[in-house]
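Please read them alongside the sequence and the coordinates.

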Amino acid sequence: MALTLIGSYTSPYVRKIRLLLHGDPSVTFQAVNYFEEEGNKYLKSINPFNQIPMLLDGDQPIYDSRVIFNYIAKKKNLKPLTIDEENILSAMDTIIATGVNLFSLKKGGVDIDDSSNYFLVRQKERIPSLMKMITPWVAAQKPENNWNYLTMTMYSLLYWMNFREVYDYSHMPEMTAFVERFKNCPGVAETDIPKA
Ligand SMILES: N[C@@H](CCC(=O)N[C@@H](CS)C(=O)NCC(=O)O)C(=O)O
């Protein structure tokens with residue numbers, strides 16, 4: 001299969017798909033920077049969601065990281081996720097979505113620390129609550145047995161939150177230990193956010 005993955009070097013949603021596809025010679029990565037006018041114009045012209053990642057299998061577009069994962073999982077005969085694993089993935093994807101919202105609002109000039117803003121308060125409460133929910137799972141993951149889409153998502157999430165300073169998890173030893181344990185896994189160095 002000739003696959004083209006379209007995305008940026010910084011997006012955590014893109015990174016987890018890059019990690020999943022790492023080492024597959026049939027995959028080409030096409031980098032798009034939607035923060036720049038040209039990249040934004042191009043992305044809009046090929047993708048009505050105007051979001052990344054997007055996968056092309058020949059002419060067939062596949063939007064949304066979860067749909068992309070399900071598509072690849074089927075093609076590669078990966079073991080289906082259990083309901084508990086689906087819940088963990090939902091929690092991680094929601095943490096990322098919340099972080100992306102907060103980051104975008106801040107970039108757009110909004111004071112995200114405004115405690116009178118109902119939307120912001122709910123967004124900010126969600127991250128610690130979901131981080132707490134997944135902590136026992138995070139602590140139990142081992143790189144030698146569990147380098148899979150879920151841990152790839154967790155690594156991408158933690159790295160990105162630190163990079164964008166969206167949520168400080170340094171008070172959560174299970175999270176910092178996870179990054180240390182998984183940082184040498186296959187594909188991590190190759191998908192690292194390039195230094196400016
Ligand atoms: N549900 C989507 C979310 C993707 C998403 O939010 N991507 C961000 C980059 S991290 C994006 O494209 N943001 C641009 C925008 O929403 O304008 C997925 O899982 O792929």
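1. Helix 4 gives the largest share of the lining of the largest pocket, 5 residues; helices here are DSSP runs of H or I with at least four residues, strands are runs of E with at least two, and both are numbered from the N terminus. Helix 1 (12-21) and helix 4 (83-107) each supply at least two residues of that lining.

2. This is a predicted model, in which local features need pLDDT of at least 70 and side-chain atom pairs count only at pLDDT 80 or more, whereas totals for chains, interfaces and linings use all residues. Residues are numbered from 1 along each chain as its sequence is written, and side-chain values use heavy atoms, with hydrogens and water left out.

3. The largest pocket holds about 480 Å³ of space, a volume being the space filled by probe spheres set on grid points that are joined across faces, edges and corners. On a 1 Å grid over the protein atoms alone, a pocket is an open set of points with protein on both sides within 12 Å along at least five of seven lines, a cavity is a set where a 1.4 Å probe fits but cannot get out, and lining residues have an atom within 4 Å of a point.

4. Of the 23 residues lining the largest pocket, S11, Y13, Q51, I52 and V100 lie nearest its centre. By class the lining has 12 nonpolar, 8 polar and 3 charged residues, where Ala, Val, Leu, Ile, Met, Phe, Trp, Tyr, Cys and Pro count as nonpolar, Asp, Glu, Lys and Arg as charged, and the others, Gly among them, as polar. At least three lining residues come from each of domain 1 (3-75) and domain 2 (83-182), the bounds being those of an automatic or database domain assignment.

5. The second largest pocket, with about 260 Å³ of space, is lined by 13 residues, and L78, K79, L81, N148 and Y149 are those nearest its centre. Helix 7 (residues 149-163) provides the largest share of this lining, 3 residues, and the lining divides into 9 nonpolar, 2 polar and 2 charged residues.

6. Strand 3 (residues 54-57) and strand 4 (residues 60-63) run antiparallel and are joined by 4 bridges, pairing being assigned if DSSP finds at least two bridges between strands. M54 stands opposite Y63 in strand 4, and in this hairpin, with 2 residues between the strands, G58 takes a positive phi near 65°.

7. D24 sits in the loop between helix 1 and strand 2 (27-31). With a relative accessible area of 17%, D24 is buried (under 20%; exposed is over 50% and partly exposed in between, with a 1.4 Å probe and protein chains only).
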